Amino acid sequence: MADKIGQEIFYDYRDDQNLKAQIAEKAVMWWQPLHFSDEFYNSIWTLYRPPQNKTMDQQLDEFYITPMADRHCERKDGRANIFQAGIPMHILKSFAEFWVQHPLLKIERKNYENCKLMKQNPNLCVSESVAVAEAYNKVAEQPFTKCPKESVGWVKCVDDNARNFFMCRDLQVEWEDCMKSHFNLKFPPYPKHPRRAEWNAGSEDPYRMRFKLRSRDMWADLSRHTGVGTVHPDSDIYADNF
């Protein structure tokens with residue numbers, strides 16, 4: 001009975017001890033809040049073992065197929081770095097997969113991204129961004145050290161053609177083959193040659209600068225971007241608007 005007259009009595013099946021005993025005997029799950037103490041520990045979690053973190057030396061051993069003279073990019077001969085003032089944009093774009101997969105750059109990028117996530121303000125992560133830029137500048141010499149001819153040819157072709165990568169696919173293949181022989185790199189397949197090549201600045205550039213105005217590929221890219229589908233050259237009204 002209620003302690004006071006007029007007090008409502010609420011029945012909650014979660015507080016029914018008899019019901020709890022019945023459910024425990026039947027081994028049926030009943031609704032309850034989550035518990036994280038040892039007595040509620042799920043024994044199935046013991047089957048999962050997170051992978052052990054590899055040291056930087058172990059990661060570099062896997063990344064460098066051929067021996068690298070300066071493994072950690074810590075130059076001790078007193079000479080200045082080639083890219084001390086920064087890396088040109090056509091080299092940054094051409095060596096994109098090399099930057100993403102290099103172990104020395106992953107930890108710096110992770111620290112920078114974590115800083116932006118925690119502080120919610122890139123202006124408070126200047127030291128982390130400087131560390132990323134310095135790491136990039138140090139590592140940028142390695143492709144030119146291992147594959148000088150292929151790297152210079154690929155970068156020069158990209159620079160001469162205003163980053164039109166489809167004009168330099170043969171040099172890109174030579175560079176990727178050479179890099180695979182010295183580094184543990186995995187390159188994705190590059191897109192096919194577009195049907196119209198008046199202006200194609202590469203897939204990393206914004207949409208409005210990607211194709212020539214009113215060309216067929218412009219409409220095809222817009223339709224594919226908006227989710228309409230692929231533009232058919234025979235049935236679409238703008239197929240012949242060059």
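**Close-up 1. The side chain of S94 reaches the backbone oxygen of H90 at 2.5 Å.** The model shown is predicted. S94 sits in helix α3, which covers residues 89–94.

**Close-up 2. S94 is a buried residue.** Its relative accessibility is 7%. Buried means under 20% relative accessible area, so S94 falls in that class. Which residues does S94 touch, leaving aside those up to four places away in sequence? They are W154, V155, V158, F165 and W175. Helix α8 spans 148–160 and helix α9 spans 169–182.

**Close-up 3. A162 has a positive phi without being a glycine.** The angle is about 55°. A162 belongs to the loop between α8 and α9. Is A162 buried or partly exposed? Its relative accessible area is 46%, so A162 counts as partly exposed.

**Close-up 4. R163 also lies in the loop between α8 and α9.** Its phi is positive, at about 60°. R163 is not a glycine either. The relative accessible area of R163 is 23%. Buried residues have under 20% and exposed ones over 50%, so R163 is partly exposed.

**Close-up 5. The loop between α8 and α9 holds A162 and R163.** Phi is about 55° at A162 and about 60° at R163. A162 is partly exposed at 46%, and R163 is partly exposed at 23%. S94, in helix α3, is buried at 7%.

Notes: Residues are numbered from 1 along each chain as its sequence is written. This is a predicted model: local features need pLDDT of at least 70, side-chain atom pairs count only at pLDDT 80 or more; totals for chains, interfaces and linings use all residues. Side-chain values use heavy atoms; hydrogens and water are left out. Helices (H or I, at least four residues) and strands (E, at least two) are DSSP runs, numbered from the N terminus. Buried means under 20% relative accessible area, exposed over 50%, partly exposed in between (1.4 Å probe, protein chains only). A polar contact is a pair of N or O atoms within 3.5 Å; within protein, one must be able to donate a hydrogen and the other to accept it, and residues adjacent in sequence count only if both atoms are side-chain atoms. Contact means heavy atoms within 4.5 Å.
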